[in-house]
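The following report describes the fold and the charged side-chain pairs of the structure shown here.

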Amino acid sequence: MDNPFSDEYFMRMALNEAMNAFEQDEIPVGAIIVSNNRILAKTHNLTETLTDVTAHAEMQAITSASNYLGGKYLQNCTMYVTLEPCIMCGGALYWSQITKVVYGASDPQRGFKSKMDSLHPKTEIVSGILAEECGELMKAFFKRKR
């Protein structure tokens with residue numbers, strides 16, 4: 001039997017978080033962290049709400065999952081995020097030693113890949129999961145802003 005907990009399954013949950021951000025007039029990025037098919041953290045961008053430029057979805061998820069686990073390392077965890085993490089978030093993911101990062105839409109201008117070759121050497125990176133849907137939500141947000 002196929003595993004129902006696929007990358008697409010969890011990315012849809014991250015996309016739901018991104019939609020929550022969109023509705024709150026936050027840049028629509030959602031992130032979840034999973035370990036053994038169990039969700040440890042689920043959040044979205046909160047930079048406007050918290051008036052904090054570091055309140056990206058990834059940073060919120062890292063903090064939440066670390067608190068839940070009672071430790072700073074996210075080994076045996078996977079982050080699903082709707083947009084390629086920025087350099088700040090890439091650095092935080094590096095230090096967290098997260099096992100896997102799965103992202104939807106690429107961000108050629110601000111994504112970590114524009115400045116970093118990879119995250120932690122042991123971190124697996126998967127890109128392009130539901131990329132079109134994730135990208136369309138971002139485009140709709142910025143179109144609404146203009």
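A residue is called buried under 20% relative accessible area, exposed over 50% and partly exposed in between, with a 1.4 Å probe and protein chains only. The model is a predicted one, in which local features need pLDDT of at least 70 and side-chain atom pairs count only at pLDDT 80 or more, while totals for chains, interfaces and linings use all residues. Residues are numbered from 1 along each chain as its sequence is written, and side-chain values use heavy atoms, with hydrogens and water left out.

Helices (H or I, at least four residues) and strands (E, at least two) are DSSP runs numbered from the N terminus, and two strands pair if DSSP finds at least two bridges between them. On these terms, an open sheet of 5 strands shows mixed pairing in the order 2-1-3-4-5. Strand 2 (38-44) and strand 5 (124-127) each have a single partner strand and stand at the edges, so one side of each lacks a neighbour in the sheet. Strand 4 (residues 100-105) pairs with strand 5 in the parallel sense over 4 bridges, and Val101 stands opposite Ile125 in strand 5.

Helix 4 (residues 131-145) packs on the sheet, where contact (heavy atoms within 4.5 Å) is made with strand 3 and strand 4. Helix 1 (residues 7-23) has 17 residues, and its buried residues, among them Phe10, Met11, Leu15 and Phe22, fall within an arc of 160° seen down the helix axis, so they line one face of the helix; the arc is that of the directions from the helix axis to the C-beta atoms. The cover over these buried residues includes strand 1, strand 2, strand 3, strand 4, strand 5 and helix 4.

A salt bridge is taken as a side-chain nitrogen of Lys or Arg within 4 Å of a carboxyl oxygen of Asp or Glu, and by this rule the count comes to 4.

| Pair | N to O distance |
|---|---|
| Asp7 and Lys100 | 3.5 Å |
| Asp25 and Arg144 | 3.1 Å |
| Lys139 and Glu136 | 3.7 Å |

Asp7 lies in helix 1 and Lys100 in strand 4, so their pair ties together parts that are 93 residues apart in sequence; Asp7 is buried at 18% relative accessible area, and Lys100 is buried at 17%. Asp25, in the loop between helix 1 and strand 1, is 119 residues apart from Arg144 in helix 4; Asp25 is partly exposed at 34% relative accessibility, as is Arg144 at 43%. Lys139 and Glu136 are 3 residues apart in helix 4, a separation of about one helical turn, with Lys139 exposed at 56% and Glu136 partly exposed at 43%.

Key. Axes fitted to C-alpha atoms, helices over the stretch in contact; angles between N-to-C directions. Expected span 1.5 Å × (residues − 1).
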